[in-house]
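Subject: Structure handover

Hello,

Here is the structure I promised to pass on. Please load it first, then read the notes below.

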Amino acid sequence: MAAPVNRNRRRVGDGARTRAVLLTLVLATTAVALIAPLAVIFSEAFARGFSAYAEALVRPDTLHAIGLTIITALVCVPVNVGFGIAAAWAVTKFSFPGRNLLLAVVELPFSISPIVAGVAYLFVYGGQGLFGPFLQAHDIKIVFALPAIILASMFVTAPFVVRELVPLMMAQGRDEEEAAVSLGANGFDVLRLVTLPNVRFALLYGAALCNARVMGEFGAVSVVSGNIRGQTSTLALQIELLYQDSHVLAAFAAATVLAGVALFTLVAKYLIERAERAREERAPPRRPGH
Amino acid sequence: MPRLRFAFPAGAGRAPRSVIPGFRLSLGLMLLYLGLIVLLPIGALLLKAADVGFWGYIAIITSPRTIASFQITIATAAAAAVFNAVYGLGLAWVLVRYEFPGKRLLDAMVDVPFALPTAVAGLALTTLFAKNGWFGAPLAQWGIQVAYAPAGIVCAMAFTSIPFVVRTVQPVLEDMEPELEEAAATLGASDLTTFRKVIFPTLFPAFLAGTSLAFARSLGEFGAVVFIAGNQPFRTEIVALLTFIRLEEYDYAAAAAIAVTMLGLAFLMLLVVNAVQTWHQRSALGEG
């Protein structure tokens, strides 16, 4: 946790002039680099009033894209939460050879370009891919359809929940679980009654981040979905299609939905962090040194 | 019936040193998911690229258009990383050392690029920097073009990687002991000298790790860049886009070869970041 700023000591950079210059520079850059992009989305979307915005948003193809995006998130987020819990349980409650290697593999999707991920999926399930001939012979459609969108989204978001859980569960150790087991609890009870309540905020935040990324994924999905208008176009792809077709207002209207999800995620993070701080103040950490 | 676990070296199949159940189930689920979702596609990509053969691979990678796209991508990603190194360090410093109204809000804003979809970011940046945009119009008067030029790629890459330096430097700056600075001040060092000789060296491993993460992320960025870049071959075409174009042309061999090269570059960056982070952790431990 952050050490409280000590006001009694004068530290480097505390001079009035340094402070003013640094603060001005950083805040000005933030206004240009972070606030302006957010502001321009809403400013453009509402440039011609609310009714024009609403009309631009409820186009049938945009609504279809929103539906597709929600379905994808409804599948990906629970699966990744389940995987995240299982993976975090395996690597934090047990020590075994190759544990660090596994953790590195979990993180792989973060360093791989979404385009590369999309191409890789084509080479598994596409016509030219590993399983392509088999899938074609059995008339199973994965690529350029919903299954590929879901699979590619799972790839890019696989690390999100694990990454939030592992450091926390590592720090909490195994004592409570071991105590529960010695009292006769079975594995699922331990998970449900001991482990998950301890990490619920991290789990929530991981799921929220995963959700935002699934809904906004562009590169990987644009490769495997085929981006067919009104059919396999998710909301992020729909924004590009609308923009290319010069339906700028409709593109910005669609963008406000995803920007809204992003802002919601950040607010959720803020609330979760506040709740965590409050919990820590109520019950000081048990471990000395932390 | 012989139990399977005896086929493995000691400890590999058992839950080692733990009374907690669920080792096989959780590890099994993890391996199954990683295998199906992460490793299978990477393996298929490598297999496809191997089809091209060594000389075929070399021919694709050394074609002028591929080389140009790699040069553009690496140069713009480096520029974006430099921007974020400076801005990120300043942002972390302000967030840790100063109290001011709106500090909490600024801290929350840092994560905007992670939560905001890249396509939305690309759309917003393109509008800002277009000839009649909020930033594009004044810049055009100075004769500076950002949208549909290499500078636009830098903007898009810089935006999407803003959080990396801030979030790696911030905790190190928070943990820094005031005694070090006081000792330097007692010895008569100015603020600038103390920063240069005491503070920055302590921050440096984290700073370098964050900057390399930002660079690595920028190398693969696609969504934000395709909106603003203009996508002209030899001028504003990034590697990710070229891969995508080769796919659309049904040139699967070239797409596989370029994608594998990007994968290799990502692995290389991963090694660099890991090495820097190990150094960072070791030096953090050394500081006590």
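Two residues are in contact when heavy atoms of theirs lie within 4.5 Å. With that cut-off, take the contacts in chain B between residues at least 6 apart in sequence: 74% of them join residues at least 24 apart. Please keep in mind that this is a predicted model.

**Chain B overall**

Chain B has 14 helices and zero strands.

Some surface and charge numbers follow. Of the 288 residues in chain B, 53% count as buried. The accessible surface of the chain is about 13100 Å². Carbon and sulfur atoms hold 69% of that surface. There are 18 positive and 17 negative side chains in chain B. The centres of these two sets lie 10 Å apart.

**Annotated spans, chain B**

The UniProt record (unreviewed entry) gives "transmembrane region" for residues 27-47, 67-96, 108-130, 142-166, 198-216 and 252-273 of chain B. I looked at two of these in the model. Residues 108-130 of chain B are 78% helix and 0% strand, with end C-alpha atoms 28 Å apart. Residues 142-166 of chain B are 64% helix and 0% strand, and there the end C-alpha atoms lie 32 Å apart.

The UniProt record (unreviewed entry) also has "domain: ABC transmembrane type-1" over residues 70-273 of chain B. That span is 78% helix and 0% strand. Its end C-alpha atoms lie 20 Å apart.

**Annotated spans, chain A**

For chain A, UniProt (unreviewed entry) places "domain: ABC transmembrane type-1" at residues 66-267. In the model, residues 66-267 of chain A are 78% helix and 0% strand. The end C-alpha atoms of that span are 22 Å apart.

The "transmembrane region" feature (unreviewed entry) is listed by UniProt at residues 20-42, 62-89, 101-124, 144-162, 202-228 and 248-272 of chain A. Again, I checked two. Residues 62-89 of chain A are 100% helix and 0% strand, and their end C-alpha atoms are 40 Å apart. Residues 248-272 of chain A are also 100% helix and 0% strand. Their end C-alpha atoms lie 36 Å apart.

**Helix α13 of chain B**

Two residues here are worth a look. V239(B) lies in helix α13, residues 239-248 of chain B. Is V239(B) buried or exposed? Its relative accessible area is 2%, under the 20% cut-off, so V239(B) is buried. Leaving aside neighbours within four places in sequence, V239(B) is in contact with S69(B), F70(B), T73(B), I258(B) and M262(B).

T243(B) is buried, with a relative accessible area of 0%. Which residues does T243(B) touch, not counting those up to four places away in sequence? In chain A they are I115(A) and V119(A); in chain B they are A255(B), I258(B), A259(B) and M262(B). The C-alpha atoms of T243(B) and M262(B) are separated by 9.5 Å, and the two residues are 19 apart along the chain.

**Positive phi**

Two residues other than glycine have a positive phi. F234(B) has phi near 70 degrees. F234(B) is found in the loop between α12 (223-229) and α13 of chain B. At 53% relative accessibility, F234(B) is over the 50% cut-off and so counts as exposed.

N227(A) has phi near 50 degrees. N227(A) lies in the loop between α12 (219-224) and α13 (235-244) of chain A. With a relative accessible area of 19%, N227(A) is under the 20% cut-off, so this residue counts as buried.

Best wishes

Terms used:
Residues numbered from 1 in each chain as written. Chains lettered and ligands numbered in written order. Predicted model: local features only at pLDDT ≥ 70, side-chain atom pairs only at ≥ 80, totals over all residues. Heavy atoms only, no water. Helix = DSSP H or I, 4+ residues; strand = E, 2+ residues; numbered from the N terminus. Buried < 20%, exposed > 50% of the residue type's maximum accessible area, 1.4 Å probe, protein only. Areas by Shrake-Rupley, 256 points an atom, 1.4 Å probe, with all protein chains shown as cover. Lys, Arg positive; Asp, Glu negative; His and termini not counted. Charge placed at Lys NZ, Arg CZ, Asp CG, Glu CD. UniProt positions renumbered as here; feature names shortened; annotations may be inferred.
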